[in-house]
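Take a look at the protein below. The report that follows goes through its charged pairs, its core, its strands and its confidence.

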Amino acid sequence: MAPQSPRMTPRPTDEDYRRLLELRTGLRRFLRWSEQHAEAAGLTPAQHQLLLAIRGHGDPRGPTVGDVAGYLMLRHHSAVGLVDRAEKAGLITRGQDPGNLSVVRLRLTDRGARQLEALSEQHLDELAHLAPTMHALWDALEDTRHRVLDGAPHPASPPARGGG
């Protein structure tokens, strides 16, 4: 039997459990809200995420299917199916990378860009309403962990806010 490593963090408190519940509930509510708004706009939630992955990709040539699969945490063949359906719906196009003809890049169509812009405006408004609560919950959970650890932020932590 492998030896157990010493506990790096204290046992969760009742307050930790309450905060975790609130954080997870808030995230799930936002995701459900997002899905409903995507569907009201005539998109599946997966199509909405695909459009965002394409538009948010940092390379102006556009992402590859592999890039999109990584963003959406999908297997490559699942991403290909999603791309096929979105292309058929007139939301995106595929094109060869001029620098490497074996690479296919994805781009939004005008229709896809308009739908994503409308949804993104709604999402940014909703996130502005949720941000104070979510930040407070996250900060409280992090503060509990930092008291025991060396103070280094966890890799999943949001970036530190500037303090002036």
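## Salt bridges

In this predicted model, Arg-18 pairs with Glu-22 in a salt bridge, with 1.8 Å between the closest N and O atoms. The two residues sit four residues apart in helix H1, so about one helical turn separates them. An α-helix has 3.6 residues a turn, so residues three or four places apart point the same way. Arg-18 also meets Glu-15 in a salt bridge, at 2.2 Å from N to O. Arg-18 and Glu-15 are three residues apart, and both lie in H1, which spans residues 14–40.

Glu-15 is partly exposed at 31%, and Glu-22 is partly exposed at 33%.

Now take another pair. Arg-105 forms a salt bridge with Asp-97, and their closest N and O atoms are 2.9 Å apart. Here Arg-105 is buried, at 11% relative accessible area. Asp-97 is buried too, at 3%. Elsewhere, salt bridges with shared partners link Glu-15, Arg-18, Arg-19 and Glu-22 into one network. The structure holds 10 salt bridges.

## The nonpolar core

Which residues touch the most other members of the largest nonpolar core? They are Leu-50, Val-68, Ile-92 and Leu-106, in a core of 19 residues. Helices H2, H3, H4 and H5 each supply at least two residues of this core. Ile-92 has contacts that include Leu-50, Ile-54, Val-83 and Leu-106.

## One face of H3

Helix H3 has four named buried residues: Val-65, Val-68, Ala-69 and Leu-72. Seen down the helix axis, they fall within an arc of 105°, so they line one face of H3. Their cover includes H2, H4 and E2. Met-73 follows H3, and its phi is positive, near 55°.

## The hairpin

Strands E1 (residues 92–97) and E2 (residues 100–108) run antiparallel, joined by six bridges. They form a hairpin, with two residues between them.

## Confidence

The mean pLDDT of the protein is 86. Of its residues, 82% reach 70 or more. Among the elements, helix H2 (residues 45–56) has the highest mean pLDDT, 98. Helix H5 (residues 110–146) has the lowest, 87. Where pLDDT is low, the predicted coordinates should not be read in detail.

How values were computed: Residues are numbered from 1 along each chain as its sequence is written. This is a predicted model: local features need pLDDT of at least 70, side-chain atom pairs count only at pLDDT 80 or more; totals for chains, interfaces and linings use all residues. Side-chain values use heavy atoms; hydrogens and water are left out. pLDDT is the predictor's confidence in each residue, from 0 to 100. Two strands pair if DSSP finds at least two bridges between them. A nonpolar core is a set of buried Ala, Val, Leu, Ile, Met, Phe, Trp, Tyr and Cys residues joined through side-chain atoms within 4.5 Å. Buried means under 20% relative accessible area, exposed over 50%, partly exposed in between (1.4 Å probe, protein chains only). Contact means heavy atoms within 4.5 Å. The arc is that of the directions from the helix axis to the C-beta atoms. A salt bridge is a side-chain nitrogen of Lys or Arg within 4 Å of a carboxyl oxygen of Asp or Glu.
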